[in-house]
Amino acid sequence: MRIITGSARGTKLEALEGEATRPTADKVKEAMFSMIQFDIEGRVVLDLFAGSGQLGLEALSRGAAKATFIDESRDAVNIIIENAKKTHLFEKCRVSVSGALPFLRNAGGKERYDIVFLDPPYASGLMADSLKKIADGDILAPGALIMCECDTENISRSAKVRKDEEATAERVLEEIFGGSEDLMKRYTLHRTAVYGRTRLALLSMADEEAE
């Protein structure tokens with residue numbers, strides 16, 4: 001697991017052993033950053049469920065101004081700090097031990113983020129819960145983007161044949177928004193793609209589209 005490009009290109013990152021964290025595969029990370037490559041420079045980043053910190057650090061390596069890393073595991077936070085120092089990006093980082101939902105509940109009005117990475121444990125149900133907290137809170141800068149990463153294998157597949165776009169919308173509703181149509185309406189889906197068993201979805205707040 002390495003930083004792909006930018007000032008820290010090629011730096012090898014440490015990760016926790018075992019299954020407590022699940023690092024994003026390199027091909028998925030490349031696809032993720034290709035979606036937002038022109039939206040990173042000078043931005044303020046929030047890396048929730050940060051694990052090794054590789055997503056926030058990749059953004060910093062590519063020119064983001066600063067990043068906040070949140071993980072409920074003290075061991076994960078120690079790894080993030082180690083990786084931030086290895087990449088020489090530590091001075092741009094704020095690292096906190098916290099659950100994602102408590103952080104989002106208390107973060108409103110304190111700082112606004114331009115890019116949010118959401119990569120919760122698969123099958124945890126925390127993706128939809130986090131998106132609801134983000135929508136209800138006051139943490140996003142104008143035009144902010146939310147990059148979601150989730151599993152496609154834990155959702156039961158319908159046997160009914162549909163058009164591709166209908167099937168995709170149904171899958172995104174279940175996998176990203178936990179089946180909540182009301183929550184889905186609060187966001188605009190810019191792009192989605194599946195790589196193996198991983199879905200990426202790039203979102204922004206829907207009310208900004210209407211303004």
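Strand 2 (residues 66-71) is mostly covered, with 5 of its 6 residues buried (under 20% relative accessible area, 1.4 Å probe, protein chains only). The model is predicted, so local features need pLDDT of at least 70 and side-chain atom pairs count only at pLDDT 80 or more, while totals for chains, interfaces and linings use all residues. Residues are numbered from 1 along each chain as its sequence is written, and side-chain values use heavy atoms, without hydrogens and water.

**Strand 2 and its partners**
- Strand 2 runs parallel to strand 1, joined by 4 bridges, and Asp-47 stands opposite Phe-69.
- Strand 2 also runs parallel to strand 3 (residues 93-97), through 5 bridges, with Ile-70 opposite Ser-96.
- Two strands count as paired if DSSP finds at least two bridges between them.
- A right-handed β-α-β unit is made by strand 1, helix 2 (residues 54-61) and strand 2.
- Strand 2, helix 3 (residues 74-86) and strand 3 make a right-handed β-α-β unit.
- Right-handed means that, with the strands pointing away from the viewer, the path from the first strand over the helix to the second runs clockwise.

**Nonpolar cores**
- The largest nonpolar core has 32 residues, and Leu-48 and Leu-118 are among those with the most contacts inside it.
- A second, separate core of 30 residues includes Phe-69 and Ile-115.
- A core is a set of buried Ala, Val, Leu, Ile, Met, Phe, Trp, Tyr and Cys residues joined through side-chain atoms within 4.5 Å.

**Whole chain**
- The chain has 8 helices and 7 strands, taken as DSSP runs of H or I (at least four residues) and E (at least two), numbered from the N terminus.
- Of its 211 residues, 47% count as buried.

Note on methods
Buried < 20%, exposed > 50% of the residue type's maximum accessible area, 1.4 Å probe, protein only.
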